[in-house]
There are 2 protein chains.
Amino acid sequence: MTEAIHLSCAEYVECLSSAVPGLSGGGGASALVGAIGTALGSMVGSLTVGKKKYADVEADIIAVMDKADKLRCELLGLMDADAQAFEPLAKAYGIPKDDPGRAAVMEEALRTACGVPLQIMRAACQVIELQDELADKGSALAVSDAGVGVICCKAALMGASLNVFINTKSMADRAYAEKIEAEADDMLSVYCARADAVYGKVLKKLR
Amino acid sequence: MTEAIHLSCAEYVECLSSAVPGLSGGGGASALVGAIGTALGSMVGSLTVGKKKYADVEADIIAVMDKADKLRCELLGLMDADAQAFEPLAKAYGIPKDDPGRAAVMEEALRTACGVPLQIMRAACQVIELQDELADKGSALAVSDAGVGVICCKAALMGASLNVFINTKSMADRAYAEKIEAEADDMLSVYCARADAVYGKVLKKLR
């Protein structure tokens, strides 16, 4: 497996574009874009803490930054975890279609492949909440960074959802698939709107 | 200056979150997210070319991939170019407010700082067009990657626009500022809708 997080940014996009085997595609890219969005939130915090003008909100900002640090590390880890979670599915596709054990192996592999993009979605939602607070309380000088950050996390949320739906679609256990899809749909419906509201708030401060 | 494209993905998000001086913030991050989106488009192409099922569209896909390669390199270059374009503005802020030359230096610096995010926007729009074609003609197995790619380019477009508006807002020459803002607004209005349409098309194929 190619460890994407240790590639340089230039090498990573190069490997991604040539579909290097073992490198996660859209799922891993969603995780990285989410981590970039999270980092921009932390950047807003870094540019706020220690400034006299923002002394009143400093404790809140530090609490947000602690949560953002954990979520950024989680998202970075999910970048390569997505490639690993895809491996059993890639193997399952290789099982002959008339093998009686194929269906059960495939079903389990689809569940595994769904898990990481769902985690990416959950983390992106949490970061969108943090960015809402940062857009309100963070340094006015860095407000555009909060806006870019939240729109990156929205892209991570939407991107990862496609990697959930592509797997649930093929599941035989429809009750399980629909439960996962319902969770994904709920996250999309609440947090895409929330991200748009934060972006709108930032834009209003900027223009 | 810290050369962001040669940092590993993990180091880059770490530097971004601690607001390392000389590293581009939201502008550079938008460029990288655009490059990731472009790479996902190329990945769809890489997984399509050479497949018998897609022989009819192979020449079109190769032409799209050539354009995507150039745009990916351009966006990666803009990642660090954004940090360089911000330097004169950072210096201009340091000029004493009663210096009679300050206004002219500041105006020129604002124009320079606007230029790179505008280029990021233009490149993202071109990639969204390419991804529309890839979502139609590319391998069905990689359609989710086309969807993640287009949503990343939409985030790059919207993110970079904030870095245009934050600079045009402070310009004294309102006619120039409004010209730039009109170009940015036109790109946002046409290409955000186009990206949503491509994403919707992908989602329809997936669910």
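**Figure 1. Salt bridges across the whole structure.** This is a predicted model. A search of the whole structure finds 25 salt bridges over all chains. The next views pick out some of them.

**Figure 2. A salt bridge between B:D185 and A:R207.** The closest N and O atoms are 3.0 Å apart. This pair crosses between chains. B:D185 sits in helix α6 (residues 174-206) of chain B. A:R207 lies in the segment after α6 of chain A. B:D185 is partly exposed, at 29% relative accessibility. A:R207 is partly exposed too, with a relative accessible area of 42%.

**Figure 3. B:D173 pairs with B:R111 in a salt bridge.** Their closest N and O atoms are 3.1 Å apart. The pair links distant parts of the chain, 62 residues apart. B:D173 is in the loop between α5 and α6 of chain B, and B:R111 is in helix α4 (residues 102-137) of chain B. B:D173 has 32% relative accessibility and counts as partly exposed. B:R111, at 29%, is also partly exposed.

**Figure 4. B:D196 and B:K154 form a salt bridge.** Here the closest N and O atoms are 2.9 Å apart. B:D196 belongs to helix α6 of chain B and B:K154 to helix α5 of chain B, so the pair ties together parts 42 residues apart in sequence. B:D196 is partly exposed at 37% relative accessibility. B:K154 is buried, because its relative accessible area of 10% is under 20%.

**Figure 5. Helix α3 (residues 58-93) of chain A.** This helix has 36 residues. At 1.5 Å a residue, the helix should span 52 Å. Its end C-alpha atoms are 52 Å apart, which agrees. α3(A) has a kink of about 35 degrees, centred on A:D80.

Notes. Residues are numbered from 1 along each chain as its sequence is written. Chains are lettered from A and ligands numbered from 1 in the order in which they are written. This is a predicted model: local features need pLDDT of at least 70, side-chain atom pairs count only at pLDDT 80 or more; totals for chains, interfaces and linings use all residues. Side-chain values use heavy atoms; hydrogens and water are left out. Helices (H or I, at least four residues) and strands (E, at least two) are DSSP runs, numbered from the N terminus. The expected span of a helix is 1.5 Å times one less than its number of residues. The bend at a residue is the angle between axes fitted to the seven residues ending there and the seven starting there. A salt bridge is a side-chain nitrogen of Lys or Arg within 4 Å of a carboxyl oxygen of Asp or Glu. Buried means under 20% relative accessible area, exposed over 50%, partly exposed in between (1.4 Å probe, protein chains only).
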